[in-house]
Amino acid sequence: MWLYRFLLALLTPIICLKVRRFKKNYPAYRAKEAFGRWGKVEADLWIHCASVGEVLAARPLVTQWRKKYPNQTLLVTTMTPTGAAQVAQVFPFALHRYLPMDWRLAVRLALRHLTCPRLLIIETELWPNLLEQAKSQGLRISIVNARMSERSYQRYQKFSAISRHLFTLPDQFLAHAQADAQRFKGLGAKKVYVTGSIKFDLNVPEEVMQHQWRDDFDKDFVWVAASTHQGEDELMLQTHQALLEKQPKALLILVPRHPERFESVFALAQASFSRVGLRSQVAFNKWSEYDVIIGDSMGELMQYYQTADLAFVGGSLVKRGGHNPVEPALLAKAIIVGPHVFNFKDITDQLLLEKGALQCQDETQLTEFVLALASQASQRLRIGQSAQRFAEKSQGAVTRVLNEIDFH
């Protein structure tokens with residue numbers, strides 16, 4: 001742990017700059033909580049979600065937990081202000097705090113005033129000082145939806161003298177798949193169970209099905225590029241330029257992963273297209289007049305997917321590891337992913353095997369796939385139906401997770 005704490009000390013100026021940037025960009029951000037000043041908190045269950053994606057992943061779990069324990073109190077922590085905003089929207093009944101930065105004093109200060117018996121961490125976000133302090137305070141710790149890529153496994157193995165202690169701290173790991181479970185065991189985890197991914201248990205919100213944005217505008221073909229990262233947006237726009245030559249009444253909904261990039265991606269699109277709009281500023285009945293809409297909103301990704309005929313899942317044409325393909329799958333959308341899907345390798349591999357997605361290797365193949373599927377409605381339908389069948393048959397992880405966790 002001494003090496004980790006030494007490196008953390010070296011990074012302290014950068015961490016403080018990040019906190020300062022959050023405070024500048026998000027006036028409601030409570031910076032003092034990042035330094036451990038939580039005040040008194042009493043809860044029956046504490047769930048940590050790093051940001052937006054983890055909050056949404058936790059939704060079906062929280063829903064079933066509340067049905068089982070309607071009178072209990074929930075605390076949700078996030079690292080980011082966008083995650084906090086999502087908590088306020090999805091879990092308005094919950095207490096919220098920003099997770100303290102992983103300095104020993106900050107973590108100790110926060111937990112000193114916390115009364116709670118159990119901590120669930122969504123995904124594999126393992127902060128050593130947090131885990132040690134929570135463990136010493138008597139919290140039972142479960143890592144839910146635990147994933148471990150081969151790449152991460154090899155990295156931890158290089159520092160096994162340090163990492164083995166880290167993986168003994170949680171009481172249990174509830175893993176995505178057998179391959180993840182084996183990696184956790186190989187790193188020293190004590191109790192590991194395969195429960196599947198709770199992300200499959202996502203319920204499509206009623207408003208997504210009831211309010212069909214597509215009814216308000218006229219386009220022959222709509223595709224969404226969702227959760228894109230820097231380096232992908234240009235490729236999406238290039239593909240859309242090629243598509244418009246074949247289908248002038250096509251629309252691209254481009255949804256950057258990070259809100260701070262909305263403005264720059266909007267400017268990037270304007271450099272290539274004269275008809276570019278922002279979802280926040282253009283009414284749906286005007287979308288027919290645009291070639292590109294920038295999805296500059298939070299919490300509407302499912303609605304973007306529902307509106308589209310085809311979905312590209314971002315973070316996969318650049319080496320970010322890809323994002324969750326389950327949401328478009330549940331909506332029976334034809335899916336395209338890039339070659340870099342190590343964050344969701346098991347899910348994506350199975351989706352490809354079930355013919356519920358196509359995987360492009362580069363921007364040239366992306367364009368080929370988009371152009372081909374834009375003119376083949378029956379093929380899109382077959383891919384989308386296969387994706388939906390796979391997603392639906394993979395559900396049930398939340399029940400398995402709740403069965404493995406002792407809340408008493």
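User: Is Lys135 buried, exposed or partly exposed?
Analyst: This is a predicted model, and Lys135 comes out with a relative accessible area of 29%. Buried would need under 20% and exposed over 50%. So Lys135 is partly exposed.

User: Which residue does Lys135 meet in a salt bridge?
Analyst: Lys135 sits in helix α6 (residues 128-136), and its partner is 36 residues apart, in the loop between α8 (160-168) and β8 (172-175). The N to O distance is 2.8 Å, and the partner is Asp171.

User: What about Glu354 and Lys393: how many residues apart in sequence are the parts that they tie together?
Analyst: Their closest N and O atoms are 2.9 Å apart, which makes a salt bridge because the cut-off is 4 Å. Glu354 is partly exposed at 27%, while Lys393 is exposed at 57%. Glu354 lies in the loop between α15 (345-353) and β16, and Lys393 in helix α17, so the parts they tie together are apart by 39 residues.

User: At about what angle does helix α17 run to β15?
Analyst: Helix α17 covers residues 377-393 and lies across β10 (221-228), β15 (334-337) and β16. Those strands belong to an open sheet of 7 strands with parallel pairing. Relative to β15, the helix runs at about 85°.

User: Which strands are the edge strands of that sheet?
Analyst: The order is β12-β13-β11-β10-β14-β15-β16. Each edge strand pairs on one side only. That gives β12 (276-278) and β16 (358-359).

How values were computed
Residues numbered from 1 in each chain as written. Predicted model: local features only at pLDDT ≥ 70, side-chain atom pairs only at ≥ 80, totals over all residues. Heavy atoms only, no water. Pairing = 2+ DSSP bridges. Helix = DSSP H or I, 4+ residues; strand = E, 2+ residues; numbered from the N terminus. Contact = heavy atoms within 4.5 Å. Axes fitted to C-alpha atoms, helices over the stretch in contact; angles between N-to-C directions. Salt bridge = Lys/Arg side-chain N within 4 Å of Asp/Glu carboxyl O. Buried < 20%, exposed > 50% of the residue type's maximum accessible area, 1.4 Å probe, protein only.
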